[in-house]
Every structure is written in C-alpha cells, then in structure tokens.
Amino acid sequence: MSHSNWTANFLIQVSTNMTVTHIDIASVTLWQIESYAWQRFAELAVQQNLRWAAGWAEQIDKQFFINACFEKHGEYVLLRTIIDDSNPKLPSQATVYPAANRSERHTQDLFGIKFIGHPDSRRWTRHQAWIEKNYPLRKDFPLQGTPVGITPPDRDYPFIKAHGQGVYEIPVGPVHAGIIEPGHFRFQAVGELILNLEERLGYTHKGIEKIAEGREPESLARLAGRVSGDTTVGHCWAACMAMEQAAGIEIPARAALIRGILAERERVANHLGDIGAICNDVAFVFAQMQLTRLRELWLRTNATVFGHRLLMDTIVPGGVACDLSSASCALIKNDIAELRMELAEVILVLDLNSSLEDRLYTAGFLSEEIAAAFGTLGYVGRASGQDFDLRRDAPYAPYNRVTVKVALETQGDIASRFWVRYKEIRTALRLIENFIDQLAAGDLRGQWKTPLAGSEGLGIVEGWRGEIISYIRFDADNKIARFYPRDPSQLNWPALEKLVLNNIVPDFPVCNKSLNGSYSGNDL
Amino acid sequence: MLRMFKKILATGVVTEQLTIPKDDELEQLGIHIKRYIDKKFSGSIAIRAVDAGSCNGCELEIHALNNPFYDIERFGIHFVASPRHADVLLVTGPVSRHMQTALLRTYEATPNPKWVIAVGDCAACGGEFGVSYASCGAVSNVIPVDAVIPGCPPTPLMLMQGLLGLMGVKK
C-alpha cells in the first residue's frame, strides 16, 4: 500500500475552509479546530476517503475537549475541538460518517454534549441507571451516582416499528439462551425473513471510563485487560502503549516480541473457538468438538508458559510480566507444528462438507460499500474487501520486524469471514515462530517514568477483532485523568444490523457469531 | 465423509478423569459452599448461565466445560436455554445496574428449589469493577447466593470441582 503523505495535502485543503492549529504531542498528529467547523471537517475528510476511527470527549475544568480520530493509509490524525461547558453543543459528524453515530450518542449520554443534526439522538448507553440530564463522566458526577433502589428496566426505549400485514416483532434478550453476553435484539420479520434488526446494547455498561479515573498505571492496565475478556491482551497492550507514550518511554525489544507472541496467541485462541462455534450454529458439531479441543490444548499451553489460560495481566506498563524460557519456546513451536497438522485435516473436512457450504455461502452478506461506510474492522472488514491491518499498514514493535500477510476476501458472506479467520490463524502461527526466532536476551520491563500532568497517549494495536484505539491522559502524581478504549466491536456491531437483512431469523445466531462483537467492549 | 470419520476415530476419547474434590480440597480451592444441593438433585442438574455484566472472560471458561476434555454432561450437569428449566443459576460479572432487573426476573422465573452460584471474582465481590453508578458489584448484592467459585476467570477445572462439590457427588 502506498504511504503517500496525504496529511500535508489534506491540511492545506482543510486550512482554506477553517483555522487549523497543529499541536505537537508525542504520539500522533493533532489538529485543533473551532467547534463550528466540526462537521465541515468530516465532509472534507469523507471526500478524501479518510476513515472515521474513534470519537470521545473529556472534561477539563470548565471545558469539554471533543476528539475524533481519522485514518488513511495507516496514518492517523487526531482532531480536537474545545467547547465551553455552559451550553455544550457542536455539529454532528454522524451525518457524514455513520460510524460516528453510536459514539456520539455515547458522548451525549455520558457528558451531556449535544451533537446538532445527529440523525438519531435517542439515548444509547444510558438505560435507567442514572436519570436524564445527569452525566456520569462529568467531574461533578459522583462515582457512586445516586441509585435509588432497584434500577428499573428500560421499558420505554422507542424502537423502530414496522407496520403492515403479517409483520411481527421478535424481542430477544438481554438474557440470551446461550452462554453469551447480554444485549437486546429487536427483529421485525415477515414469515421467517428479517425485515429489520435493531440492536439495543448497553446492558453491560460497568462505568469503565469513570472507574479508570484516578488509577495508577498498573491498576489501569488490569482494568484495560478486563474491558473485554476475550481481548485481554489487545486492550491491555493498547492501554499500556498509550501510557508509555505519555510517559515517553520505550519498551525493551524482548518485551515487544513477547507482546507480539501474546497477541497472536490470543488471536489464534479466539479464531479457533469462533470457527467451531460458527459451524455449531449450523448444527455441524464435529467442527465444534474438534476446534474446542484444539482451543483447549492451546489454552493449556498458555497456562503452562504464561501462567494464565486467557493471558490476563501478562502485559504491564513498560513491558511484560512473564518471560519465555528456551524450553517454553520449544514447547510453543512444537504445539504450532501439531496444530498446523490437525487444522489441515479438520479444515479439509469442513471445506468438503456440502451442508456447511449450503449454510455459510451467501448468508449474512455485507457489501464492500456498507463495510466501508461503517468503518468495519478486522476479519469482518477484511471479509468485505476492507484491506486494512495495522500490523502491515502502521506497524508498531514488534510487527516492524516482520512481514505480515493480510488475509482478504471480497465475497462478504459468512464463509468469507470463516476463511479470513482460518488464514489469520495461519499467519499468526508463522508470526509466533518468527518472533520466537528473533528473541534475544534482554530486559522484560523498562523503567517507568511518572508522566507530566496533562500528558497524552494514543495506543493503537491490531487486536484479534481488529484495530483497538486506547486514549490516555495523565493527571498529576502518576494518576489517570481519562481512559477511553475503543473496541473494534463498536464499529462492527452496526454492520450486523445490515448483514442480517433478508436472511431468515433462524440464521441470526450464525450471522451474529460470524461477526462476534464484544458486548462488554462496546458498552464499557 | 470418510475423512471426518477417520479424524473422529484418530482423535479418540480425550475426556479426562476427574477426581471429586474432598471438602478440605474445596476449601483450598477457595470454594465456599454454604450448603449442599438437595440429595434429590444429585446426578442431574440443569444450569442457566446468566451474564449479569461480566467482561466475557468467565463465559469463555464456562463454555470450555462443554469441550471434549471436560465434557461436563457426563456428570449429569447440563446447560439449559431458559431459567424455567433450571435448578441452578450460574451468574457471572459484577451485576451492572442495567442488568439488575433482568437478573431479578431471571431469578424469579427459576422454579424452587433453586441455587445460585456466583462465578468469578467480579460475581464474588465486585472484582475490578466494584460498586458504582453503573455496577451493583457482587451478585449477592442483588439475589441470594448459595456458593461462590472465585477466580479471574476460574479455570474449567475449578468450575467443575466447584459444581461437583456443590452437588455433593460422592465417589
């Protein structure tokens, strides 16, 4: 991919429309504009095919800092505007970028900032745990809130209704039939056909952003590792990267390689589980049994080598908390060889199975246009032609030492997402071997430096679901002032509402599994 | 098709023997059993897993109970899709305030006699999230809890031993 320096040209173009102040912070290009031009910037950005990647706000004294993060060709620009807290409002970017829709609603619910012209200003993250016109992420809102008795259900949420003869509604959740996270899905259907799906998430909102405030780096890393339990390495890495940028420290080369190994191991474990679960959702239990077996073996090696099956708390600010002995390296390599052999056998069976072919091909179709419009990430994006992977396009240590082959499919159906995952397992196995070969003796953890009050960092890593963006601002005394983690699920969930259309209701579970969004990572 | 049968045969049975933990071993595991499940349930319990706001880590390990290594169904423990079919609620997560009513209703929908097991550190004591404007903390802050299986997340082995211990399975 060409890495043309689009930022310089774009800055010239934008500057003819508005005043842009270029601010130097360590990690990223930061442009500050006036709030009235917030939407105008988005219009110019979409013309240049910039991807809207993340949005969040922050309260500092009597002001709100509003941020939006854009990306093109692996280069990121952080856009910021500052508004007064007396009557906080600014033009919405969601009118231009559908990807910004839920993010702006989240900011609206938690900060009380109004996005003028927003196409859908219904509440999103707020159900009934706090009352309207109370905003938990404002500094004057107490951590404990003011809960009165039992929090009532969010009964009156205005769902979109379909009308007409034979149209009916199916409410599903928040407590689901399987062993999965809670969320609500509202289907409008005719016969078995899905006319519309509306997601209602926010059930697992645990106040992660609020309880992050005032933590020290170690404690923040532990919290980040629990934003989404299946992505503990990814989130912990992104948060640590942001903190390390703010502190201005580099991690040792050995620590970076071990982080790479951990992240790829997490990717493999999740893809193994998901490939099995996708097949299970179309009643092909052989795959589920074989792949959960392979996943279990993989997790047991995690426990033996790193001391935790899901690899929680293995990444710490400044480096890693675990080392790899040469015996462990040999064990990992041996495991990889066996997994390759077994996977080849199992995948061949799946590939040749006509009932799987019948159920997975053409089902759950997500077009390239819609995937692009929603900024869909990871295997969901890559199965719909979105050729983006940070490990190749904006490589950070240790990916700057290797060549990453990015899996890409353009069919956009469940089968594509299945095959992208399989290819990603193969790539990950090669990467782990590669990282092990490059391991040289060295420190596991750099010396921590207390960052200056106000220091910021933006950690961006390719988690197993796709790009994770983690924003950190430090207060004085090594304390966190603001933590915002953007899980890839936040951008992938809306794609589910689109890809289930014209599928039958009984295919919803497999459609959902092929995307496998995190509820917890979305709700925060 | 032949390839599939060949793979099934070659894989064989991987299910592992499990020793039923003694009471003091359970104590060592940190599993505090408040009371044993009624004898008449011994040999068969139906579990409804409820995620009341967890990070999904505990769910991954509860899932693993059904993989061929643990195969928890051989002990008569199976997961059901509705609380109305359940003897036991396996509740994970700090209870988010947005899930409080849903959890209460699930509890009410479960027929008596019923038991509640809080799974994971968050369910046990609030864990990393504690009590806040958005979280009720421990499951016991919302519904009565009969047993706790701590861990972040508890391993499938800990889950299994906790469940068998609770069932009062005698070897």
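The model is predicted: local features need pLDDT of at least 70, side-chain atom pairs count only at pLDDT 80 or more, and totals for chains, interfaces and linings use all residues. Residues are numbered from 1 along each chain as its sequence is written, while chains are lettered from A and ligands numbered from 1 in the order in which they are written.

**Contact between chains A and B**

- The contact draws on 49 residues of chain A and 43 residues of chain B, two residues being in contact if their C-beta atoms, placed from the backbone, lie within 7 Å.
- On the side of chain A that touches chain B, α4 (208–212), α5 (217–224), α8 (285–306) and α9 (326–351) of chain A each supply at least two residues. Helices (H or I, at least four residues) and strands (E, at least two) are DSSP runs, numbered from the N terminus.
- α8(A) gives the most to this side of chain A, with 6 residues.
- By class, the side of chain A that touches chain B holds 25 nonpolar, 14 polar and 10 charged residues. Ala, Val, Leu, Ile, Met, Phe, Trp, Tyr, Cys and Pro count as nonpolar, Asp, Glu, Lys and Arg as charged, and the others, Gly among them, as polar.

**Domains of chain A**

- Chain A is assigned domain 1 (6–116), domain 2 (167–200) and domain 3 (212–515); the bounds come from an automatic or database domain assignment.
- The centres of domain 1 and domain 3 of chain A, taken over C-alpha atoms, are 27 Å apart.
- In the contact between these domains, 19 residues of domain 1 of chain A meet 22 residues of domain 3 of chain A.
- β3 (51–60), β5 (75–84) and α3 (101–111) of chain A are the elements that give two or more residues to the side of domain 1 that touches domain 3.
- β3(A) has the largest share of that side of domain 1, 6 residues.
- The side of domain 1 of chain A that touches domain 3 of chain A divides into 12 nonpolar, 4 polar and 3 charged residues.

**Helices of chain A**

- The axes of α8(A) and α9(A) lie 11 Å apart, at an angle of about 175°. Axes are lines fitted to C-alpha atoms, for helices over the stretch in contact, and angles run from 0 to 180 degrees between N-to-C directions.
- α8(A) is therefore roughly antiparallel to α9(A), a term for angles over 145 degrees.
- Residues of α8(A) in this contact include L291(A), L294(A) and W298(A), and those of α9(A) include L331(A), L339(A) and V346(A).
- The contact of α8(A) with α9(A) has 10 nonpolar, 4 polar and 2 charged residues.
- Helix α15 (residues 489–499) of chain A is largely enclosed by the rest of the structure, because 8 of its 11 residues are buried. A residue is buried if 20 or more other C-beta atoms lie within 10 Å of its own, exposed if 12 or fewer, and partly exposed in between, with C-beta atoms placed from the backbone.
- Among the buried residues of α15(A) are L491(A), W493(A), L496(A) and L499(A).

**A sheet of chain A**

- An open sheet of 3 strands in chain A has the order β8-β9-β10, with antiparallel pairing. Two strands pair if DSSP finds at least two bridges between them.
- β8 (167–172) and β10 (193–200) of chain A are at the edges, each with a single partner strand, so one side of each has no neighbour in the sheet.
- From one strand to the next, the twist averages 20°.
- β8(A) and β9(A) pair over 6 bridges, and E169(A) has Q188(A) in β9(A) as its bridge partner.
- Strand β9 (residues 184–190) of chain A pairs with β10(A) over 7 bridges, and A189(A) has I194(A) in β10(A) as its bridge partner.
- The hairpin of β9(A) and β10(A) has 2 residues between the strands, and G191(A) there takes a positive phi near 60°.

**Chain B**

- Chain B contains 6 helices and 6 strands, which follow the pattern α-α-β-β-α-β-β-α-β-α-β-α along the sequence.
- Of its 171 residues, 51% count as buried.
- Among contacts in chain B between residues at least 6 apart in sequence, 82% join residues at least 24 apart.
- G76(B) sits in the loop between α3 (57–64) and β3 (77–79) of chain B.
- G76(B) counts as partly exposed because it has 14 C-beta neighbours inside 10 Å.
- G76(B) and D51(B) are 25 residues apart along the chain, with 22 Å between their C-alpha atoms.

Technical notes:
Parallel < 35°, antiparallel > 145°, perpendicular 65-115°, else oblique.
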